[in-house]
Amino acid sequence: MILFIKYLLFLLLTLSVLGAAYFSAASRRAASSEERGLKRAVMNILLGSMLVLLALMSMFLFRGSTVSVIVEAVFLVLGAFNVFSGLRSYGYYSGLGKSRPQR
């Protein structure tokens, strides 16, 4: 069961890295600022989930030394903050597009 969890975390980590790279490139090519903001918000959510997944992977792979527990805690806090910040930005930019009249 632990082996399945390790492979699942690795698969999710790979998907979040690839998704973050895609949305990073897409945000640089976006025409409007609203679209750029939406894509960067999704990228921020994916990067935060990547940090959380890294922390979870290190919990399963390594023994609980003091240094690894501190690194895991820092990754969890930074990842949670990035996910929250990305969700807040996504809400802002998705509402911004609806409030402006179409030309």
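These questions and answers walk through a predicted model, helix by helix.

Reader: How many residues does α1 have, and what does α1 reach from its first C-alpha to its last?
Author: Helix α1 covers residues 2-29. At 1.5 Å a residue, 40 Å is expected, and the helix comes close to that. The count is 28 residues, and the reach is 41 Å.

Reader: Which helix do the buried residues of α1 pack against?
Author: Start with the buried set in α1. Its members include L9, L13, S16 and G19. A20, S24, A26 and S27 are buried in α1 too. The buried residues of this helix pack against α2.

Reader: Is G19 buried or exposed?
Author: G19 lies in helix α1. Buried means under 20% relative accessible area. G19 has 16% relative accessibility, so it counts as buried.

Reader: What separates the C-alpha atoms of V42 and G19?
Author: V42 lies in helix α2, residues 33-61, while G19 lies in α1. Along the chain, V42 and G19 are 23 residues apart. Their C-alpha atoms are separated by 8.8 Å.

Reader: And what separates the C-alpha atoms of G19 and F60?
Author: Along the chain, G19 and F60 are 41 residues apart. Between their C-alpha atoms, the separation is 24 Å.

Reader: Which residues does V42 touch, not counting those up to four places away in sequence?
Author: V42 sits in α2. Set aside residues up to four places away in sequence. V42 then touches F23 and Y90.

Reader: What accessible area do M1, F4, L8, L11, L12 and L15 have together?
Author: These residues form a nonpolar patch on the surface. L8, one of them, is in α1. Together the patch has about 630 Å² of accessible area.

Reader: Which residues is I45 in contact with, leaving aside neighbours within four places in sequence?
Author: I45 lies in helix α2. It is partly exposed, because its relative accessibility is 22%. With neighbours within four places left aside, I45 is in contact with N82, V83, G86 and L87.

Reader: How far apart in space are I45 and E72, C-alpha to C-alpha?
Author: In sequence, I45 and E72 are 27 residues apart. In space, C-alpha to C-alpha, the distance is 18 Å.

Reader: What relative accessible area does F75 have, and which residues is F75 in contact with?
Author: F75 is found in helix α3, residues 66-99. Its relative accessible area is 28%, which means partly exposed. Beyond neighbours within four places in sequence, F75 is in contact with L51, V52, L54 and A55.

Reader: What separates the C-alpha atoms of F75 and E35?
Author: F75 and E35 are 40 residues apart along the chain. Their C-alpha atoms are separated by 28 Å.

Reader: Which residues does UniProt list for "transmembrane region", and how far apart are the end C-alpha atoms?
Author: The unreviewed UniProt entry lists residues 41-62 and 69-93. Residues 41-62 are 95% helix and 0% strand in the model. Residues 69-93 are 100% helix and 0% strand. The end C-alpha atoms are 32 Å apart over 41-62 and 36 Å apart over 69-93.

Definitions and conventions
Residues are numbered from 1 along each chain as its sequence is written. This is a predicted model: local features need pLDDT of at least 70, side-chain atom pairs count only at pLDDT 80 or more; totals for chains, interfaces and linings use all residues. Side-chain values use heavy atoms; hydrogens and water are left out. Helices (H or I, at least four residues) and strands (E, at least two) are DSSP runs, numbered from the N terminus. Contact means heavy atoms within 4.5 Å. Patches are made of residues with over 30% relative accessible area and no salt bridge: like charges are joined within 9 Å, nonpolar side chains (Val, Leu, Ile, Met, Phe, Trp, Tyr) within 5 Å. Accessible areas come from the Shrake-Rupley method with a 1.4 Å probe; for residues, only the protein chains shown count as cover. A salt bridge is a side-chain nitrogen of Lys or Arg within 4 Å of a carboxyl oxygen of Asp or Glu. The expected span of a helix is 1.5 Å times one less than its number of residues. Buried means under 20% relative accessible area, exposed over 50%, partly exposed in between (1.4 Å probe, protein chains only). UniProt positions are given in the numbering used here, feature names are shortened, and annotations may be inferred rather than shown by experiment.
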